[in-house]
Each structure stands twice: as structure tokens, then as C-alpha cells.
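Open the model in your viewer and keep the sequence panel beside it.

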Amino acid sequence: MPDPTPPRTPTTAEEPESGSMEQALPTSFSVRLGVLLAVVGGALDAYTFVSRDGVFANAQTGNIVLLGVEAAKRQWWQALQHVPPVLAFLVGVVAAESLRRPRVVAVVRRPARSALVLEILVLVGVGFIPGRAPDTLVTVLIAFVASVQVTSFRTLVDTAYNSTMTTGNLRTVMQSAYLAAMERDSAAARRARRFAAVICGFLLGAVGGAWLTAVLGTHAVWVMSALLVVGLALFLHDERVLARRAVGRGCRHA
């Protein structure tokens, strides 16, 4: 199934009932994939925190703040240490957007799946980097992976979300829960449940990532790459289901 262009985000009144909508959803926007990617996002943050001296590589807010703090102290060398992950994140955005360019799509055909393959390859490579290697090398690569993921997969059903950070998701789940409680808004209630699942997935990934890193060390990142392989399998599964449905409709019309 080709990877579609993200849909226009409808208003609450426009959102259809969940049954027919979620069955027809492209895999890229499905709750299953969203939760899986959130698990990977939480696990990667835990991985770098445990194995790389308390560093969070997914989000760049901390690096920007620390860059400013060190610059204010005129500690220029320490300030520069926070620049590479930010640059790697920006490069990841460019890489993910490039996969959607018409000329590139003509070659790769399925940009979302190609983004997952790119993430998998980088994470497999990270697993071969020894623990004594500079932390910056690993955090740069993880920042790149997080950027590719968050740029390539940014819609949960019909709402913008983030699979590598959770602040915006917390806001959305609380807003939706409030609307569901105060206005009896069934669409908001469904949205709250979806985002709650993503947040729980992120937390589960953080717990599992921390435990795996403590047990497996730097090789724990291979488990995260295996989860992304499961994400690829979801695309293939959904494609086959759609093909069977198409054959079934053809037989009924014959």
C-alpha cells in the first residue's frame, strides 16, 4: 500500500465514528503503529540516559538550553558539545522530507517504510559502537533517528502527535479528556484514549529500555530496531488484508 499524504485534520464535528474510520486508516496513521513508535521513542531516551551518562537524545530542547547556559558562562568548548546533536536532528528532518520528494518517491515508492528501514539500519550500527566510544557519537546518531521518526510519522488517526517526546501528547490527552467530560464530546473521548495509549507506550518503552540497557548494555538498541521491524511487518500485513478484501469484492461483483 503506497504511503499517503497526511490528511487534513478535521474539526471535532467532522470526525467520523471510530469504527469505519480506523478500519480504513493508512498504516502510517494507525494507533497500532503510533503506540509501537512511542515504545521505541521511550526506549531510545532511556537507552541514551542509562548508557551515555544521563543524556536525552530524542528532544533538542535540553541541548538548546544547555548551549545557552554554557555560552552565558563563556564556556565555549562545553557549549559547542551541544551543537552536534542539534545539527544531526536537522539533518534527520531533511532526510525524512527528502524521502517524500516526487523524484525520490519514484525510486523508493514507499517513503514511510523507507524511513523505518533507515532507522533500523542506523540503530543496528549504533549497537556495534562500544561503550568506551565518545558519547557524542551515539547521541548524534540517536538524534538523527528520532528526527527521521518524528518527521515521517506525525499523525495519529487525524491529529498531530509525537512518538519521540511526550509533552505535546500530554497536552492533547488532557484537552481531549476535558472536552469529553465537559461537553460530552465522543470524538474527544476517542482521541483521549488514543493519546493515552501512546503515552503509556512511551512510558513502557522507557521502563523496558532502561532494563534492557542495564542487562544488555549497548546492544540493547538492537531490540529497538527489532520493534521497528515489527512496524514494517504491520505495513505488509495491512497491504495483504487490503488485497484480500479487494479480491473478495471482485468475486462478489462477478
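Select Ser147 to begin: Ser147 is buried, as its relative accessible area is 0%, where buried means under 20%, exposed over 50% and partly exposed in between, with a 1.4 Å probe and protein chains only. This is a predicted model, in which local features need pLDDT of at least 70 and side-chain atom pairs count only at pLDDT 80 or more, while totals for chains, interfaces and linings use all residues. Residues are numbered from 1 along each chain as its sequence is written, and side-chain values use heavy atoms, with hydrogens and water left out.

Now show what surrounds this residue. Not counting residues up to four places away in sequence, Ser147 touches Phe89, Gly92 and Val93; contact means heavy atoms within 4.5 Å. Ser147 itself belongs to helix α8, residues 135-152. Helices (H or I, at least four residues) and strands (E, at least two) are DSSP runs, numbered from the N terminus.

Next, select α5 together with α8. Their axes are 7 Å apart and the packing angle is about 35°. Axes are lines fitted to C-alpha atoms, for helices over the stretch in contact, and angles run from 0 to 180 degrees between N-to-C directions. α5 passes α8 in a right-handed crossing; a crossing is right-handed if the near helix is turned clockwise from the far one by less than a right angle, and left-handed if anticlockwise. Residues making the contact include Phe89, Gly92 and Val93 of α5 and Ser147 of α8. By class, this contact of α5 with α8 has 13 nonpolar, six polar and one charged residues. Here Ala, Val, Leu, Ile, Met, Phe, Trp, Tyr, Cys and Pro count as nonpolar, Asp, Glu, Lys and Arg as charged, and the others, Gly among them, as polar.

α7 and α8 pack at about 165°, with axes 10 Å apart. That angle makes α7 roughly antiparallel to α8, a term for angles over 145 degrees, with under 35 counted as roughly parallel, 65 to 115 as roughly perpendicular and the rest as oblique. The crossing of α7 past α8 is left-handed. Among the residues in contact are Leu118, Val122 and Leu123 of α7 and Leu141, Val145 and Val148 of α8. The contact of α7 with α8 divides into 11 nonpolar, two polar and one charged residues.

Then select Leu44, Leu123, Phe153 and Met224. Of the 48 residues in the largest nonpolar core, these touch the most other members; such a core is a set of buried Ala, Val, Leu, Ile, Met, Phe, Trp, Tyr and Cys residues joined through side-chain atoms within 4.5 Å. Helices that each supply at least two residues of this core include α2 (31-51), α10 (186-216) and α11 (221-253). α2 gives the most, with nine residues. Around Met224, leaving aside neighbours within four places in sequence, the contacts are Val40, Ala43, Leu44, Tyr47, Leu123 and Gly209.

Which way does α9 pass α10? Select both helices: α9 passes α10 in a left-handed crossing. The axes of α9 (residues 167-183) and α10 come within 8 Å and cross at roughly 150°.

Finally, show everything. The protein has 11 helices and two strands, and buried residues make up 44% of its 254 residues.
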